[in-house]
Amino acid sequence: MTYSVFRSTLLLMALACAVSGEEVKFAIESNHLLVIGPDGVVYGQGRNDYGQSIGDDPRQWSTRFRPVIGAPKASSVRVYGFSSMVLGIDGRVYVWGRHTHSLLGGDGRNMQLVTRAPTPVPGLDRVRAIAACQYGGAAVRDDGTLWMWGEDKYGVMGTGYMTGPYESGKAYHQPKKVEGLENVSHIECGSEHMVALKTDGTVWAWGHNKFGQLGLGDTEPRSRPTQLPELKGVTRIRAGGALSAARLAD
């Protein structure tokens, strides 16, 4: 199973949905991918050694799309590494796969390395947008607040604390509100940085900044959300790896 196979599969799905007028909602990694069908059912394909593609199924690989066992009907989907995340139509966030950097949440005591069944992140409801990155997960609630959980590495949790190059960050197993950031409409993760879009069209970024991915004109990391002063009237944002992008109203 290769990335090119995933890509070809998605192109065929995109063509089919374009003909039928349906929108394709999918998330892809190097080893697995997830797709949400028009009816909200979540399907997976690819490597499944941690249950990341099709859930609690004995297959190590799934060479065709199968419904993810135990997944709710969903409106959004994200994957990172060997972990998967969906936003259920019930407004809750479900995660499963390998418990890397505390992405799977939990109470911090009875931790399991692998969770093969989609499991709700504790303390999160009324969620309308999600994101997943190398060091954790993020969720925007319907009141515009942003909540994050995972490892506070390179300032990605927005707590004001910045780790050194070889220093581990504090683990937050339960979602923590990002202070000083309200009216968030959308959130995106790079591998080590975050980008948020507010309802007023402004863009805020924080985290690692080695390649200028925060868009602030320097390479200094930020441990708290910082506004990009030159961006206004933004309607959409994207982030991935060490890159960020924004689309203006024009």
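**Notebook: a look through the predicted model**

I began at H32, whose side chain makes a polar contact with the side chain of N31 at 3.0 Å. For me a polar contact is a pair of N or O atoms within 3.5 Å; within protein, one must be able to donate a hydrogen and the other to accept it, and residues adjacent in sequence count only if both atoms are side-chain atoms. H32 sits in strand β2, residues 32-36. I take helices (H or I, at least four residues) and strands (E, at least two) as DSSP runs, numbered from the N terminus. H32 counts as buried because its relative accessibility is 0%. My cut-offs are under 20% relative accessible area for buried, over 50% for exposed, and partly exposed in between, with a 1.4 Å probe and protein chains only.

**Ground rules**

This is a predicted model, so I note that local features need pLDDT of at least 70 and side-chain atom pairs count only at pLDDT 80 or more, while totals for chains, interfaces and linings use all residues. Residues are numbered from 1 along each chain as its sequence is written, and side-chain values use heavy atoms, with hydrogens and water left out.

**Whole chain**

I found 1 helix and 18 strands in the protein chain. Buried residues make up 49% of its 250 residues. Among contacts (heavy atoms within 4.5 Å) with a separation of 6 or more, 46% are between residues 24 or more positions apart.

**R66**

Next I looked up R66, in strand β4 (residues 61-67). R66 counts as buried because its relative accessibility is 18%. Its side chain joins that of S62 in a polar contact of 3.1 Å. Leaving aside neighbours within four places in sequence, I see R66 in contact with V42, Y43, G44, I54 and R59. V35 is 31 residues from R66 in sequence, and their C-alpha atoms are 9.8 Å apart.

**The largest pocket**

I put the volume of the largest pocket at about 970 Å³. Of the 35 residues lining this pocket, F26, V77, R78, E188 and R238 are the closest to its centre. A pocket here, on a 1 Å grid over the protein atoms alone, is an open set of points where a 1.4 Å probe fits, with protein on both sides within 12 Å along at least five of seven lines; lining residues have an atom within 4 Å of a point. Which strands supply at least two lining residues each? I listed β1 (25-28), β5 (74-80), β9 (127-133), β13 (184-189) and β17 (234-240). By class, the lining has 17 nonpolar, 10 polar and 8 charged residues.

**β13 and its partner**

I followed β13 onward to β14 (residues 193-198): the two strands run antiparallel and 5 bridges join them. Strands pair if DSSP finds at least two bridges between them. β13 and β14 form a hairpin with 3 residues between them. V184 stands opposite K198 in β14.

**Two positive phi values**

N183 is in the loop between β12 and β13. Its phi is near 55°, positive in a residue other than glycine. N183 is partly exposed, with a relative accessible area of 42%.

Y154 is not a glycine either, yet has a positive phi of about 60°. I placed Y154 in the loop between β11 (146-151) and β12 (171-177). Is Y154 buried or exposed? Y154 counts as buried, at 14% relative accessibility.

Notes:
Grid points are joined across faces, edges and corners, and a volume is the space filled by probe spheres set on the points. Ala, Val, Leu, Ile, Met, Phe, Trp, Tyr, Cys and Pro count as nonpolar, Asp, Glu, Lys and Arg as charged, and the others, Gly among them, as polar.
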